[in-house]
There are 2 protein chains.
Amino acid sequence: MRRGKVTSIDVARLANVSQSAVSRTFTPGASVSEETKRKVLTAANALGYRPNAIARTLITQRSRIIGVVVAYLDNQFYPLVLEWLSRDLQKRGYHILMFMADTGDADHVLPEILQYQIDGIVMASATLSSGLAQECADAGIPVVLFNRTVPRSPASSVTSDNVDGGRQIARFLVDGGHERIGFIAGDPDSSTNRDREGGFLEEMNRLGQRCWAREVGNYSLAGAVDATERLFGHAERPDAVFVANDHMAIAVMDTLRYKLGLSIPDDVSVVGYDNVPQAHWPSYNLTTVEQPPKPMIEATVDVLMGQIESRSVRRDAIEVPGRLVVRASARIPEGYRVEEENASALELR
Amino acid sequence: MRRGKVTSIDVARLANVSQSAVSRTFTPGASVSEETKRKVLTAANALGYRPNAIARTLITQRSRIIGVVVAYLDNQFYPLVLEWLSRDLQKRGYHILMFMADTGDADHVLPEILQYQIDGIVMASATLSSGLAQECADAGIPVVLFNRTVPRSPASSVTSDNVDGGRQIARFLVDGGHERIGFIAGDPDSSTNRDREGGFLEEMNRLGQRCWAREVGNYSLAGAVDATERLFGHAERPDAVFVANDHMAIAVMDTLRYKLGLSIPDDVSVVGYDNVPQAHWPSYNLTTVEQPPKPMIEATVDVLMGQIESRSVRRDAIEVPGRLVVRASARIPEGYRVEEENASALELR
DNA sequence: CATCGCATTGCATACGAATGCAACGCGATA
DNA sequence: TATCGCGTTGCATTCGTATGCAATGCGATG
């Protein structure tokens, strides 16, 4: 009895049928009579039989496991993505095998991943080199870069329109009458930062302004604090900052208020990116661009399932629109509608 | 070449050895000469061979996979646990298969879990009935309840000393001269809430006070907001609140400040539990009891590895001490040392 | 009544790696 | 030179399930 040692053969024996019959009973669409199925289910139930997913994987060449690579989980955006992605996949009979990458680069975990015969890979807050992405493609394993793109990579990607988001923010801040608009960058090598900054600068330029100052925060809290101190360490300081994501923006706000004694938005406007749950906590009330998690996750699952079912690895690139969410952390220009939060501003789910 | 179709047989053929030799090369401690090993590794490298973990699992009866069941990830405590647990396990060659439970009760995901022949289970922010825990024990699968206990369950558990934490908070608040101390409970059925509340009430009693008022917040943000409004909705209001975890305490603070216009800690002291990263964000500066994640995770991994290696499922119950972390959200009595945060209060990692 | 077709069933094999067992080779020893 | 022992090696089997193929039985049709 130990180690869940009930096999299809045990069930077959008890039900007086062949092992094939047992297998067919648990294979949707297989050819079994109602009568046989009933006998098998009764026996299976009596013995507490559960099909062995590992053995099934070996023969069908499908594990129904998706490898998810993450580099960090302290930016709240990612835990939420993980939760919903997992629920979505679970509904379809798939499960997540987690891999933590040390830095943003996940190449070193790939060999481990490949050992598990997973059906697909999702990279979130981590990137894969084109070389390894190609290797996955050759092996017939679909890869989705979540919230990232890599130029000539064969991997698929799901992102929000970061360039447009950057533009919206530039317009919003200029419309608000700001004249010294600064930028705190995330990881300068990341596609999210490049796109957000690119759109932002482009639109600033179109509107006849230049980015007044720029510091790098590397998407970390400590980096954001330092960047803020550098940015505001001079006699003349910015009257607005665009911070490349909410995670940093919150640290920026705290630093501005509690270390530099500035008032938001009276002394300085702050805008972030992502719309993480904390962004509408009353302490922050952060104006930001939403990256809609649900649509992004749905797209990710669709891409994966599509490629898995058709057994063809393609390069799908899905981009969902982002939406400016206006709250109170930045001066509000004429014509912008302030986000109406739920009855309680803290109803997060 | 597709589907990573390189098997140990292919390698054996190329290296002019038997399949056994290939297997032994990749099995630490097996009997192979240096010479053979070299040939095999060369061939394996040339073909890009990776042992198939699924096939290995089938024969060795060990998957090196730990099933982790979580009910939600919005309380920051859990993503961090997940991250570190995953890193710890990865170092030892184990990986996490994630399961999301719908409510706190995880019984319905167990059948799915069992199909994957996992070597152990960790339940975090989710509970298993004693019946199913017993089933796992019978199947030889160790189960660790993380941050939870269940009375007569055969499952192991790792917790911090919640009773003592509750006592420390009572003492701290009474020492602070508070006279109307309220409590906002989490999930009343959870062991964490019971223990924290139990220790708290016991010590209050010992010090000659009673809990002035109590509301239930169910460990959710919305619940905490409502509980706060009920608790402070009368003419006479508490001069201190103990909130059963930080996640809720933050919502409580925001509600007190921005909805009720109260000042912390001048009008009311707030104390939480867990010491999540947000607790030392300058906006909150929350006094709380730390549940030390690293020791708790180490204990969890030790328990799992111990039981897996000895092939014996026991009921280990590990309890690590908690520590009161004094910050600025509650009036500070004589004799308590305020926590010195790192250079930057935002250096979280 | 003979024939055909379809649905159901069992047999045998395959998936990829680990391992008990026996055989082998080599050097050391008597 | 014959024997012993140890370190290597290959053979054959095993893990638990899925599935192609052939065999069976049944009712329907002519």
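1. S125(B) counts as buried, with 24 C-beta neighbours inside 10 Å; a residue is called buried if 20 or more other C-beta atoms lie within 10 Å of its own, exposed if 12 or fewer, and partly exposed in between, the C-beta atoms being placed from the backbone. Although S125(B) is not a glycine, its phi is positive, at about 55 degrees, and the residue sits in the loop between β3 and α7 (130–138) of chain B. Helices (H or I, at least four residues) and strands (E, at least two) are DSSP runs, numbered from the N terminus.

2. This is a predicted model, in which local features need pLDDT of at least 70 and side-chain atom pairs count only at pLDDT 80 or more, while totals for chains, interfaces and linings use all residues. Residues are numbered from 1 along each chain as its sequence is written, and chains are lettered from A and ligands numbered from 1 in the order in which they are written.

3. Q117(B) lies in the loop between α6 (110–115) and β3 (120–124) of chain B, and is buried, with 22 other C-beta atoms within 10 Å.

4. A cis peptide bond joins I264(A) and P265(A), with omega about 5 degrees, and P265(A) belongs to the loop between α11 (246–259) and β9 (269–271) of chain A. In chain B, a cis peptide bond likewise joins I264(B) and P265(B), with omega about 5 degrees.

5. An open sheet of 12 strands with mixed pairing runs in the order β11(A)-β5(A)-β4(A)-β3(A)-β1(A)-β2(A)-β2(B)-β1(B)-β3(B)-β4(B)-β5(B)-β11(B), where two strands pair if DSSP finds at least two bridges between them. Its edge strands, each pairing on one side only, are β11 (317–320) of chain A and β11 (317–320) of chain B. Within the sheet, β4 (residues 143–146) and β5 (residues 156–160) of chain A pair in the parallel sense over 3 bridges, and V144(A) has S156(A) in β5(A) as its bridge partner.
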